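Dear colleague,

I am handing over the structure below, and after it you will find an account of what was found in it. Please read the account with the structure open beside you.

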Amino acid sequence: MKPNGSSTLPAWTRAAMVGVMGGIVLATATAASGGVVEAAESRSFITSDGARLHFLEAGPAGAQTVLFVPGWTMPGWIFERQIEALSDRFHVLALDPRGQGQSEVTRFGYTHERRGRDVGELIDHAATGPVVLVGWSLGVLDSLAWVAQAADTRIAGLVLIDNSIGEEPAPRPSASPQRAAMPPDLPPDERRARRAAFVAGMFAHDPGAEYRARLTDEALRMTPEDERRLLAYDVPRAYWRSALHSMSVPVLYAVRPRWREQGDNLVRTHPDAEMVVFESAGHALFVDEADRFNSLLIDFLERRVTQRSAVR
């Protein structure tokens, strides 16, 4: 995931950075999340390479499955507002990728091939029909990595949130600092402070100090070495575009203005793609503007996925 940048962060973000630097950290919630996500079932499965991966499950098992894949170092419960909005009519899964959330922090498997296979193995484990994949940030690439390996009838649609998809133009250097993959020798307080600033930078609207503290704690589970591996998937940009265009399923590309030109090219070249731009949201746009995002997602699922399936 790419933060909005500390040079233009709002005052509440700068205050959060100072508070963490001073050692003022709120108590961490050890449950998957508060409220609605606690009502979801907490489950796990073992991958083919022996990793224990955690996921949340909610909604009727026989309904259309929607699988959420979060971004770099983030837990699946960050989609709590989406789980709440969808679980009355959809079968909802939210993955904690390996090393994230409540999943095992393995010392192996941090490649795009393995992370994509993890997504596919969760589909095999917990879903009975075609799945709509909703990937955010690094979760976009993890989802497309699975599509590239095994594009088949198990995918009913793709929702890709705020990351490059290999379309032109290539990403321009951002004015904001790079993601906070940190050297291994940083003191713990400094490492936490940097990660807290990264978390704060994902939002245009403050989700609250306790929420940010929970995310910060969970975003520090991996080693810095493994964090860097996730930021350096060794494939050309064309790999992601080819994966996306290998399937003709409906695609929703929900992005900030930075990715508008890639979205224009996607809509022009893909037979069943649409783009929605969130002009004023942060990188975690589905948190910043949850009601709007949820309405768009439900409309996409009912108008583009369900109706398409009914015609077949």
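Predicted model: local features only at pLDDT ≥ 70, side-chain atom pairs only at ≥ 80, totals over all residues.

Residues are numbered from 1 along each chain as its sequence is written, and side-chain values use heavy atoms, with hydrogens and water left out.

Aromatic rings

Phe286 pairs with Trp136: the ring centres are 4.8 Å apart and the planes stand at 80°, so the pair is edge-to-face. The rule behind this takes rings of Phe, Tyr and Trp (for Trp, the six-membered ring) as a pair if their centres lie within 6.5 Å, and calls planes under 30 degrees apart stacked, over 60 edge-to-face and the rest tilted. The two residues belong to distant parts of the chain, since Trp136 is in strand β5 (residues 131-136) and Phe286 in helix α11, 150 residues apart; helices (H or I, at least four residues) and strands (E, at least two) are DSSP runs, numbered from the N terminus. Trp136 counts as buried too, at 0% relative accessibility. Both residues are members of one aromatic cluster, formed by Phe68, Phe79, Trp136, Phe278, Phe286 and Phe293.

In total, the count comes to 12 aromatic pairs. Another of them joins Phe45 and Phe55, whose ring centres are 6.1 Å apart with planes at 65°, so this pair is edge-to-face. Phe45 lies in strand β1 (residues 41-46) and Phe55 in strand β2 (residues 52-58), so the pair ties together parts that are 10 residues apart in sequence, and both Phe45 and Phe55 are buried.

The chain as a whole

The protein chain has 12 helices and 8 strands, and of its 312 residues 56% are buried. It exposes about 12,400 Å², of which carbon and sulfur atoms supply 52%; accessible areas come from the Shrake-Rupley method with a 1.4 Å probe, and for residues only the protein chains shown count as cover. Among contacts (heavy atoms within 4.5 Å) between residues at least 6 apart in sequence, 75% join residues at least 24 apart.

In soluble globular proteins, nonpolar side chains tend to be buried together. In this model the largest nonpolar core has 86 residues, and those with the most contacts inside it are Leu67, Ile78, Leu133, Leu158 and Met202. Helix α5 (residues 138-150) gives the most to this core, with 7 residues. A nonpolar core is a set of buried Ala, Val, Leu, Ile, Met, Phe, Trp, Tyr and Cys residues joined through side-chain atoms within 4.5 Å.

Helix α4 (residues 112-126) has 15 residues and reaches 21 Å from its first C-alpha to its last, close to the 21 Å expected at 1.5 Å a residue, where the expected span is 1.5 Å times one less than the number of residues. Among the buried residues of α4 are Arg114, Asp118 and Glu121.

Salt bridges

There are 28 salt bridges, each being a side-chain nitrogen of Lys or Arg within 4 Å of a carboxyl oxygen of Asp or Glu. Arg237 forms one with Glu168, and their closest N and O atoms are 3.5 Å apart. This pair links distant parts of the chain, with Arg237 in helix α9 (residues 237-245) and Glu168 in the loop between β6 (155-161) and α6 (188-200), 69 residues apart. Arg237 is partly exposed at 27% relative accessibility, and Glu168 is partly exposed at 48%.

Asp272 and Arg304 also meet in a salt bridge, at 2.0 Å from N to O. Asp272 lies in the loop between α10 and β8 and Arg304 in helix α12 (residues 290-311), so the pair ties together parts that are 32 residues apart in sequence. Here Asp272 is buried, with a relative accessible area of 15%, and Arg304 is buried, with 13%. Finally, salt bridges that share partners join Asp49, Arg98, Arg114, Asp118 and Glu121 into one network.

With best regards

Technical notes: Buried < 20%, exposed > 50% of the residue type's maximum accessible area, 1.4 Å probe, protein only.
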